[in-house]
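Here are my notes on the two-chain model you asked me to look over.

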Amino acid sequence: MSNSHNANELIVLTDVVLLTAIVQRGAADLIVQAAQEAGAQGATIFHARGTGIRQKHLGILGLTVNSEKEVIYIVVPSEQADRMFERIFVSAKLDTPGMGILWMTNLEKMATYVPHEVAARFGVHTERHE
Amino acid sequence: MSEHKLRYGLYLGAIQRHERQIGFGQLVDAERNNKAKPKLRPVDLHRLVTPYVSIRFAEQWWAVVPLALMLIGFQALALRTSLLETQQIAIGIFAVILGLMLFMEGVKLGLMPFAENIGFELPGKVHPSVLLLFSLLLGAAATFAEPAIGALQAAAASVSPERAPWLRQLLGPYAHWLVLAVASGVGLAVVLGTLRTIFAWRLKAMVLLIVPPLLLLTAWCAQQPELVAVIGLAWDCGGITTGPVTVPLVLAVGVGVAASVGRSDNPLSGFGVVTLASLIPVIAVLGVAIYLSSQGTAGLLPVLPAASTSWQTQTPFAEILGALRAIVPLVLLLVLVQTLLLRQKIRHQNIFVYGIAVALAGMAIFNLGLTSGLVALGDQAGTNVPWAFSPHRVTGAPPLYPYALGITMTLVFAFAIGYGATVAEPALNAMGVTVENLTDGAFRKRNLIRAVAVGVGVGAAVGVARILFDLPLWLLLVGGYSLALGLTFFSREEMVNLAWDSAGVTTGPVTVPLLLALGIGLGEAVGAAEGFGILAMCSVGPIITVLGTGLWIDLHTRARRRSKQS
């Protein structure tokens, strides 16, 4: 192979943050759309089931909260994270009880497909650095 | 113009949300100490309640409105008659939508958790005979709660007592017998379904065993002059029973039973009960009719006009009483089994009470809207539609179109109603997914929906044609079901399950009253003795089309495989 020196090289992306939101089933599309408008690259949605303590406080109104949930994963660069956090909070209407929960975690590292020419550009840079 | 300076950072700070950090432990502690419920802003209420209501409302809206518009549109465009009592019908239809929405939500919250729990726990705890007894009672009680049952009573008034005396008797003085016959028929069907799950009987064999005697019985009844008129009602009852209460309740129990006897891996374990529940009541109703007519004319009771003086028959009370009568048996049965046999408490009591209350209110509102909305609409359409090819019954106006064109239009209209009512059916969508999986994608979901819709449409057209031309219904039934039996014999077990069950899918609480009223209006307009039978034809149609499509696809894939191998 011509560029065999790339074969045992793994490009790892750093300074990324994972935003996780759990919302009622059906709400995810709206949130993902808002996040993408704010610059998110993509999102992963899981189907899940669960209830939170705060919807039990609602009493009979708790029935309106669907126990079928959607879990949204959005990975963003850490510079964007706070802004994205706020966008998701607002678009998911999390200031109403029972609407869901949102958290953000620092990711140590992340790996995915990186376009060849971009990789080459950064690859040169890191090689020289080391 | 003077300049007012504002630091950009200050501005951003004003419009952005500020983060305030609180330890999660502190929050939990604070909530533990302070048990008061949070105060909700109006916007919170809106955010919580609006989606909850609108999703459920839209579900029923799509089941009712397109069909109603089709009926109104045909009258307006083809017959150039506008609807009478528009306001009343509009309110009635709205009540039907609202009632169905509340009723279904109530059943889901109040009854389904019981049925699932009982279905899962009961088989291990009691003797099988008790389980079968419970199945019997559950089937019967669920039938009482079926919203479409009320449509039968509404149909009674138009049956002529001279030409179809026993039919009138069954719908009038002996209405309780009729409902009991249907209920016990469904009960027996659920028992058979439970046995089938336990012993893994094949539906194909059961169908081949049950249907031929049923057809013989029908043919025999057709030879008795006093029983001919009852055949349509009996076969229609089969379609009425398989509605939105019976099917999920029975399925919930059936799935539990299947799981507890270790057959939950079979994707078909839920199927078959619908088929049985639409066949056995036919036998029961025919049996009751035979028994009653064997009593001779002494058994004929005077057909009393409904007494309108007592408070029990006045508008809000009659509907509330009807709702109580429909739901209370089912609730009692489930609660008693749960507390006495399983010795378990009722969990989430407030949700249970809310569910039952909502179901009751929904049933009452549905009944209010049923007569003034759906039945009135169907009846008007039935009265007006023959005007396309024959003089108007009321005004005596000449037919609008030449005979052949008018008849064709009427039949196309019937087909469109059947087709349209089916395509919108959400249960069919779920069934389509199962079919795709079972046939490895050869039988597509779209094809199934189309096959069922064409079957129902053709069935509706044949049913209408038989009322218009006064064809013998029993011949159509025997012919249709013989064809279905023939196809069944050559089909795979999976396809048999799906095809026979698809027949029950389309007869929901909206289609049944509309089609019943349409048929009865048509029957009156052309002077037939009775207008039943459309629903029966709508049931046999999809069996034939789905089995036919299944066989054709099987042959096709087999031929393709063979040509690939050679």
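1. First, a term: accessible areas here come from the Shrake-Rupley method with a 1.4 Å probe. On that basis chain A has an accessible surface of about 8,300 Å², and carbon and sulfur atoms account for 54% of this. Keep in mind throughout that we're looking at a predicted model.

2. Fold of chain A. There are four helices and four strands in this chain, and going along the sequence they come in the order β-α-β-α-β-α-β-α. Of its 130 residues, 32% count as buried. If you take the contacts in chain A between residues at least 6 apart in sequence, 76% of them join residues at least 24 apart.

3. Which elements of chain A sit at the two ends of the pLDDT range? Strand 1 (residues 16-24) of chain A has the highest mean, 94, while helix 4 (residues 116-129) of chain A has the lowest, 63.

4. I'd flag two of them. Over residues 1-5 of chain A the pLDDT stays under 50, and the model gives that stretch two contacts beyond four places in sequence. Residues 124-130 of chain A also stay under 50, again with two contacts beyond four places in sequence.

5. Fold of chain B. This one has 21 helices and zero strands. Its C-alpha trace spans about 90 × 70 × 65 Å along the principal axes. For 566 residues a compact globule would have a radius of gyration near 24 Å, and the 27 Å of chain B agrees with that.

6. Packing and surface of chain B. Here 51% of the 566 residues count as buried. Among contacts between residues at least 6 apart in sequence, 84% join residues at least 24 apart in chain B. The chain exposes about 26,500 Å², with carbon and sulfur atoms supplying 65% of that area.

7. Charges on chain B. The count is 36 positive and 27 negative side chains. The centres of these two sets lie 8 Å apart.

8. A:P97, worth a click. You'll find A:P97 in the loop between helix 3 (78-91) and strand 4 (100-107) of chain A. Is A:P97 buried or exposed? The cut-off for buried is under 20% relative accessible area, so A:P97, at 19%, counts as buried. Leaving out residues up to four places away in sequence, A:P97 touches A:L58 in its own chain and B:L40, B:D44 and B:L48 in chain B. A:P97 and A:G62 are 35 residues apart in sequence, with their C-alpha atoms 9.2 Å apart in space.

9. Backbone check. Most residues other than glycine have a negative phi. A:D15, not a glycine, has a positive phi of about 55°. A:D15 is in the segment before strand 1 of chain A, and its relative accessibility of 52% makes it exposed.

10. B:D470 lies in the loop between helix 17 (445-469) and helix 18 (473-490) of chain B. With 56% relative accessibility, B:D470 counts as exposed.

Terms used: Residues numbered from 1 in each chain as written. Chains lettered and ligands numbered in written order. Predicted model: local features only at pLDDT ≥ 70, side-chain atom pairs only at ≥ 80, totals over all residues. Heavy atoms only, no water. Rg over C-alpha atoms; globule rule 2.2 N^0.38 Å. Buried < 20%, exposed > 50% of the residue type's maximum accessible area, 1.4 Å probe, protein only. Contact = heavy atoms within 4.5 Å. Lys, Arg positive; Asp, Glu negative; His and termini not counted. Charge placed at Lys NZ, Arg CZ, Asp CG, Glu CD. pLDDT = per-residue confidence, 0-100.
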